[in-house]
Number of protein chains: 4
Amino acid sequence: MQKLEFTLSAGPVDVSAQTLAGLARPIQYHYDDDFKATFRRCEAKVADVLRTTNDVIIMQGEAILALEAGLRALITPGMHVLNLVQGVFGKGTGYWVSAFGANLHEIEVGYDDAVGADRVEEYLDAHPEIEMLCLVASETPSGTVSDVAAIGSMCRDRGILTFIDTVSGVLGMETLVDRWGLDYVVTGPQKCLGGAPGLALVSVSPRAWEKIYANPAAPRDSYLSLLDFKEKWLGEGRFPYTPSVADVNGLEAALDQALAEGVDEVIARHAAAQRLTMAGAEAMGLTFWARRREIMSACVTSIRLPEELDNATVRDHARHKYGVMLSHGQGAGNLIRLSHMGSTAGGFHSVVGLAALGRTLRDLGMPLDIGAGVEAALDILSAER
Amino acid sequence: MQKLEFTLSAGPVDVSAQTLAGLARPIQYHYDDDFKATFRRCEAKVADVLRTTNDVIIMQGEAILALEAGLRALITPGMHVLNLVQGVFGKGTGYWVSAFGANLHEIEVGYDDAVGADRVEEYLDAHPEIEMLCLVASETPSGTVSDVAAIGSMCRDRGILTFIDTVSGVLGMETLVDRWGLDYVVTGPQKCLGGAPGLALVSVSPRAWEKIYANPAAPRDSYLSLLDFKEKWLGEGRFPYTPSVADVNGLEAALDQALAEGVDEVIARHAAAQRLTMAGAEAMGLTFWARRREIMSACVTSIRLPEELDNATVRDHARHKYGVMLSHGQGAGNLIRLSHMGSTAGGFHSVVGLAALGRTLRDLGMPLDIGAGVEAALDILSAER
Amino acid sequence: MQKLEFTLSAGPVDVSAQTLAGLARPIQYHYDDDFKATFRRCEAKVADVLRTTNDVIIMQGEAILALEAGLRALITPGMHVLNLVQGVFGKGTGYWVSAFGANLHEIEVGYDDAVGADRVEEYLDAHPEIEMLCLVASETPSGTVSDVAAIGSMCRDRGILTFIDTVSGVLGMETLVDRWGLDYVVTGPQKCLGGAPGLALVSVSPRAWEKIYANPAAPRDSYLSLLDFKEKWLGEGRFPYTPSVADVNGLEAALDQALAEGVDEVIARHAAAQRLTMAGAEAMGLTFWARRREIMSACVTSIRLPEELDNATVRDHARHKYGVMLSHGQGAGNLIRLSHMGSTAGGFHSVVGLAALGRTLRDLGMPLDIGAGVEAALDILSAER
Amino acid sequence: MQKLEFTLSAGPVDVSAQTLAGLARPIQYHYDDDFKATFRRCEAKVADVLRTTNDVIIMQGEAILALEAGLRALITPGMHVLNLVQGVFGKGTGYWVSAFGANLHEIEVGYDDAVGADRVEEYLDAHPEIEMLCLVASETPSGTVSDVAAIGSMCRDRGILTFIDTVSGVLGMETLVDRWGLDYVVTGPQKCLGGAPGLALVSVSPRAWEKIYANPAAPRDSYLSLLDFKEKWLGEGRFPYTPSVADVNGLEAALDQALAEGVDEVIARHAAAQRLTMAGAEAMGLTFWARRREIMSACVTSIRLPEELDNATVRDHARHKYGVMLSHGQGAGNLIRLSHMGSTAGGFHSVVGLAALGRTLRDLGMPLDIGAGVEAALDILSAER
């Protein structure tokens with residue numbers, strides 16, 4: 001196997017040296033006043049990134065911990081929940097919604113498509129019993145996005161709680177938690193923020209807290225408990241259990257870089273990387289996975305593979321022969337992903353991705369014009385800078 | 001507040017530069033073959049430390065995650081469980097045992113005492129219905145240990161499952177998982193191993209797996225699921241969710257240092273640090289928290305405070321005035337702890353701890369002979385090296 | 001100015017995370033036995049890389065320190081020295097040779113050419129008074145190499161001392177110090193070794209030491225003194241002055257990586273990177289700086305620029321507009337360099353270099369087929385791996 | 001040999017994690033505009049620390065490089081130079097002053113003494129031919145200081161150039177370069193600044209530059225050349241040779257910490273550490289090396305050893321048996337040094353030093369009251385914080 005030369009995966013992403021330095025800060029005792037201050041600064045900086053004044057909770061585990069914790073806390077037996085399904089994470093949400101006792105409604109489309117705000121509106125008009133809506137803002141495995149602004153605001157106006165999985169959405173697309181009235185929002189450091197995996201970043205609206213407090217089944221005294229964090233840490237300054245000190249330090253380093261660059265600037269950088277990657281992929285002769293360009297996410301460009309080429313084979317060829325780590329479809333379909341996320345959303349990282357993927361596919365029998373692809377990407381880069 | 005000069009807390013502990021360098025290794029994609037190999041090496045190295053051939057599971061969260069996960073997986077309704085309580089963690093285990101539906105039996109002693117193997121034997125003789133025994137090998141908040149060797153072996157011989165919380169026990173005391181037949185064993189990197197918090201290290205015996213598989217309530221599709229890890233990761237090489245890449249790299253660095261030094265040598269180093277710290281504390285005029293010397297843990301020496309001195313006040317004085325971070329009792333009692341754990345189990349770190357605690361207590365009104373304490377500690381050091 | 005995305009300069013090079021971790025090891029006192037052992041291990045590892053049993057001296061400054069120190073120590077008034085000039089470093093050597101009192105002979109060719117072994121042979125036949133020959137094995141600014149094997153061996157057979165500047169030659173081309181009988185050899189960590197600048201690595205043959213000891217003007221009690229190092233450090237274990245602890249630790253990390261990969265393997269990796277970079281540059285329509293392919297160095301591919309394009313302008317455009325740091329000619333001529341050195345000698349780093357340079361030149365008015373260049377490079381990569 | 005637990009040496013010192021992180025910043029090309037900006041910021045920050053508007057030159061080697069460079073540049077044949085000798089570094093300066101052709105005058109005292117300003121005044125009155133005065137502000141090997149304020153100002157008023165070696169003086173004592181009119185001032189990062197060794201930090205007054213420019217023997221085209229740095233780097237933005245990128249990054253990290261704390265605050269911290277170390281040493285029964293307390297340096301407390309105890313033996317015992325690295329006399333006399341420098345000037349580091357030295361000496365046969373020593377140190381600490 002070739003030595004790793006480039007990590008261009010769809011999260012965990014390659015992180016900057018400053019973020020690594022953050023992870024390597026001396027480990028402090030979690031009750032050292034310095035560390036407690038660090039933890040609180042992180043909460044405030046996450047709130048800045050999310051454009052919210054809601055409570056921020058930093059859970060000590062991968063984002064999925066906060067998704068499970070949120071659903072367990074918010075769902076009451078028989079509650080009507082509308083779940084939008086356009087990818088594997090949305091699908092998974094639905095299983096949990098049912099398993100935790102809700103009455104599950106779903107609008108499902110192909111994993112190369114997105115549920116439009118108009119379909120949601122119709123459904124909500126027809127089902128006034130819906131109390132909560134779940135959506136995945138950015139389906140990383142398929143590289144598609146939801147119209148969070150429209151759907152979120154619509155729910156806010158109707159008094160419907162919103163449960164938003166935006167792990168790879170934050171900083172890859174606009175995320176205005178307060179303006180759009182998003183109630184329970186989960187993200188993670190290991191995507192567009194350019195941090196390491198290991199923490200779940202959550203914002204919880206007052207309305208969501210009300211719902212949770214009113215729910216006798218909301219976990220308490222559990223690793224899955226939001227209430228423990230709310231009452232012990234936010235309330236009394238006692239951690240419910242030992243936080244991941246290094247991860248918190250690494251998170252702060254990543255947040256500092258993003259805030260120094262500017263939230264809007266980071267979003268714009270991802271959009272620029274997407275433009276050049278899409279142009280390159282198209283010119284090379286590749287087909288996008290998504291049905292429509294408008295629903296493609298800015299942090300990862302998903303490429304549809306021909307049936308005869310298995311996506312895991314493609315990924316492994318690029319890694320083993322060329323030392324370039326891409327991501328495959330992870331169950332979303334026969335696709336391969338060019339990621340431009342966090343510190344790899346930069347321009348020439350996409351050139352590497354295009355060249356490595358192009359040559360891999362050529363090796364595996366696809367005729368492609370790699371040169372044209374690289375040229376097209378460079379044209380965008382030259383024109384926009 | 002004085003700038004932090006020394007972290008002498010009872011975990012998270014100050015870690016070595018090599019461990020920090022491990023945490024700062026480049027973040028790899030979790031499905032990069034390199035990272036998967038790292039993860040598997042870590043499992044094997046944890047098994048080496050635990051002296052076991054059982055499955056090792058590295059859960060992506062603080063040790064308490066694995067405690068909760070284990071109890072939820074092992075407990076079936078009405079099952080008779082004997083829980084030994086000699087400190088706050090043991091007490092907490094009991095709450096969970098009940099909450100998860102078991103029939104709770106407890107032998108409880110003061111938090112300055114330990115439950116002897118003989119009392120356990122009597123109880124088991126009288127209660128043949130007991131199916132599982134829970135104990136905390138090392139109650140970090142009070143600095144006491146259990147007789148895991150005797151109690152564990154006794155349970156093994158009777159076919160009783162053992163659930164062992166030894167977060168601060170491993171590497172601070174002998175832990176022979178296979179020889180003693182321990183079934184479910186939980187430890188963490190942030191104590192005697194000298195790593196960062198953020199992972200839970202578990203070994204699960206075949207007998208424990210049988211029990212879990214037979215339990216329809218054992219969590220699945222959950223952050224708390226051992227079965228997900230067993231089937232997806234150990235079985236199919238798929239992570240149930242993204243692991244904490246930096247924490248895993250940091251763990252390997254800490255394990256490498258411990259294994260290079262030698263498991264027995266690390267244990268001996270902790271014992272030596274305990275001898276000098278105890279000698280120093282005693283000569284200074286301090287009173288141990290524990291009733292008997294034999295039940296004091298090798299990784300932290302707990303000191304009983306006079307009633308008029310509050311343990312949080314003592315801790316804060318040492319930190320704010322002297323820049324030395326100690327740990328207080330965390331609910332175990334009015335005690336303060338001199339930690340000698342991981343990289344701080346070394347000799348002169350204890351001198352710092354003794355001097356800082358001694359002077360803090362003097363400032364707060366306790367007459368103590370700090371000089372005699374330091375001299376006594378140095379006598380041990382000089383004699384033993 | 002665009003944020004730096006890639007450092008593809010001709011030394012200092014971008015270094016690996018392991019090397020950075022080496023630089024960040026705790027600073028030890030230079031007389032700590034641990035550090036002295038580190039220093040000695042570094043000497044032995046440098047000797048391994050140089051394939052020599054000669055003394056190795058690690059001077060605490062950039063490579064040029066050792067060049068000056070060597071010439072000052074070896075040159076006696078009126079001594080006949082033949083200096084080969086094919087680039088700016090060779091030219092500089094000549095100035096020093098004269099300034100330090102020798103009788104300077106030179107064979108000089110254009111900086112896009114190399115002095116052949118045959119011309120040297122003729123010259124030496126005609127000038128039996130020559131006592132020392134100086135050459136630059138790899139002229140980094142122009143990207144050309146010397147035939148060190150032939151010329152070195154020829155000198156050895158005639159009893160002529162050899163003074164070899166091979167700062168960017170070592171690990172970029174075969175360097176067999178003992179077999180070729182090279183007397184005074186200087187290299188540095190910041191080129192093909194993939195380390196940080198700050199140290200000069202020297203090997204000194206017994207014959208060279210004899211010459212130095214016989215020279216009353218050889219510096220003593222000076223930062224430029226080789227004898228101080230020989231007598232104090234190699235002789236008595238006393239450093240003549242405080243060594244650069246972090247640089248030494250970083251050096252060891254870089255050496256460890258090179259030796260783990262294998263000296264021949266590192267050399268082969270540079271050669272492979274050269275093949276694909278040359279193929280790419282040629283297919284793109286670029287012209288090599290060097291007159292003949294055989295004299296091009298494996299660590300950097302120099303491109304001849306058209307007169308109307310200034311090399312500094314090209315470099316700055318790539319850096320400021322694209323965030324890719326290339327190197328220009330540094331006085332060697334109107335050329336720009338694609339470096340593939342140390343950790344950037346890897347394959348896709350060259351793709352980045354080709355694309356960034358190609359697009360920069362296109363922006364500045366040169367018609368180039370960038371796509372064909374990238375394709376050609378990938379063809380080599382695909383064929384060879 | 002015991003594993004290293006504490007580095008309490010008199011430079012290189014143990015450095016902070018932030019400084020290590022600085023050393024581990026990615027290596028940039030030295031002509032990257034980012035790095036050039038870093039280099040210039042470092043110059044400005046050094047000027048801040050030195051309280052000067054003079055040119056600052058950062059030479060790429062240990063401080064001694066700048067001492068040699070300065071003397072070679074400033075000394076003209078026959079020039080009358082008064083050198084103050086109160087330790088090994090002052091003695092060495094004299095050798096160079098003579099060797100470089102000056103007419104050497106010296107006032108020499110024992111290495112446990114200091115040359116008073118009054119003696120200097122008398123000498124200057126009697127020798128109006130003196131053109132330059134050399135002094136070592138802080139003789140690290142013996143732990144004594146000079147009265148730089150008085151002597152420097154006196155020279156300034158008389159138009160005598162001052163050549164000041166204050167490698168361990170800066171940040172350990174007030175250093176007002178402009179107010180006192182100091183002409184050529186050399187310091188280094190590895191002492192009170194808490195950085196790594198490898199760079200020499202120099203300030204050069206306009207008057208010193210005049211003198212250098214007027215000196216035909218001032219080195220040019222040499223590693224020892226100040227003029228190269230002045231003309232190429234300060235003048236044209238071209239480095240005379242590749243700078244030590246990692247060391248410069250580490251320097252900036254150390255400077256940032258010092259400036260954030262405040263120059264006066266760092267000086268005060270060293271003074272406080274000295275007070276408690278002296279109190280502890282005295283109470284323990286140790287004898288200071290220096291004849292008078294007023295001439296003891298704030299960064300290292302030198303202890304006079306009884307004749308029968310060799311200082312190297314003492315140092316090695318502390319290191320080998322206790323893992324504590326102290327410094328011995330390095331030729332200044334039979335003394336051992338308790339260092340409190342940079343990040344180890346903090347309080348409890350001195351407690352470690354006192355305890356380790358005390359017990360070492362007791363092991364070697366000296367009767368000492370270690371306990372009283374630690375108590376006395378803690379008394380100071382308690383009273384002053």
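The legends below describe close-up views of a predicted model.

**View 1. The two domains of chain A and the area buried between them.** In this predicted model, the domain assignment divides chain A into domain 1, made up of residues 6-13 + 263-383, and domain 2, which covers residues 18-260. Taken over C-alpha atoms, the centres of domain 1 and domain 2 of chain A are separated by 27 Å. Where the domains meet, 30 residues of domain 1 of chain A are in contact with 28 residues of domain 2 of chain A, and the area buried between them is about 2,200 Å², with carbon and sulfur atoms giving 59% of that area. On the side of domain 1 of chain A, Val263(A), Ile267(A) and Ile295(A) supply 25% of the area buried against domain 2, more than any other three residues.

**View 2. Polar and charged pairs between the domains of chain A.** Between domain 1 and domain 2 of chain A the count is 5 salt bridges, and 12 residue pairs are in polar contact, both residues of each pair being at pLDDT 80 or more. Asp113(A) forms a salt bridge with Arg291(A), in which the closest N and O atoms are 3.7 Å apart. The side of domain 1 of chain A that touches domain 2 draws two or more residues from each of α11 (263-284), β12 (300-304) and β15 (335-339) of chain A, and α11(A) provides the largest share with 5 residues. Sorted by class, this side of domain 1 of chain A has 16 nonpolar, 8 polar and 6 charged residues.

View 3. Over all chains, the count comes to 56 aromatic pairs. Trp209(A) and Tyr213(A) form a tilted pair, with 6.4 Å from centre to centre and 50° between the planes.

View 4. The model has 123 salt bridges over all chains. In chain B, the side chains of Glu252(B) and Arg25(B) meet in a salt bridge with an N to O distance of 3.3 Å.

**View 5. The interface of chain A and chain B.** Across this interface, 53 residues of chain A are in contact with 53 residues of chain B, and the two chains bury about 3,900 Å² between them, 58% of it on carbon and sulfur atoms. In chain A, the residues that lose the most area to chain B are Ile27(A), Tyr29(A) and Tyr223(A), which together account for 19% of what that side buries.

**View 6. Polar and charged pairs between chain A and chain B.** The count between chain A and chain B is 4 salt bridges, and Asp32(A) forms a salt bridge with Arg319(B), the closest N and O atoms being 3.0 Å apart. The interface also has 18 residue pairs in polar contact, both residues being at pLDDT 80 or more. Elements that give two or more residues to the side of chain A that touches chain B are α1 (17-23), α2 (33-50), α3 (63-74), α10 (245-261) and α12 (311-322) of chain A, with the largest share, 4 residues, coming from α3(A). By class, this side of chain A has 26 nonpolar, 14 polar and 13 charged residues.

Note on methods. Residues numbered from 1 in each chain as written. Chains lettered and ligands numbered in written order. Predicted model: local features only at pLDDT ≥ 70, side-chain atom pairs only at ≥ 80, totals over all residues. Heavy atoms only, no water. Domains from an automatic or database assignment. Contact = heavy atoms within 4.5 Å. Buried area = accessible area lost by both parts, 1.4 Å probe. Polar contact = N/O pair within 3.5 Å; in protein donor to acceptor, adjacent residues only side chain to side chain. Nonpolar A, V, L, I, M, F, W, Y, C, P; charged D, E, K, R; others polar. Phe/Tyr/Trp six-rings, centres within 6.5 Å; stacked < 30°, edge-to-face > 60°.
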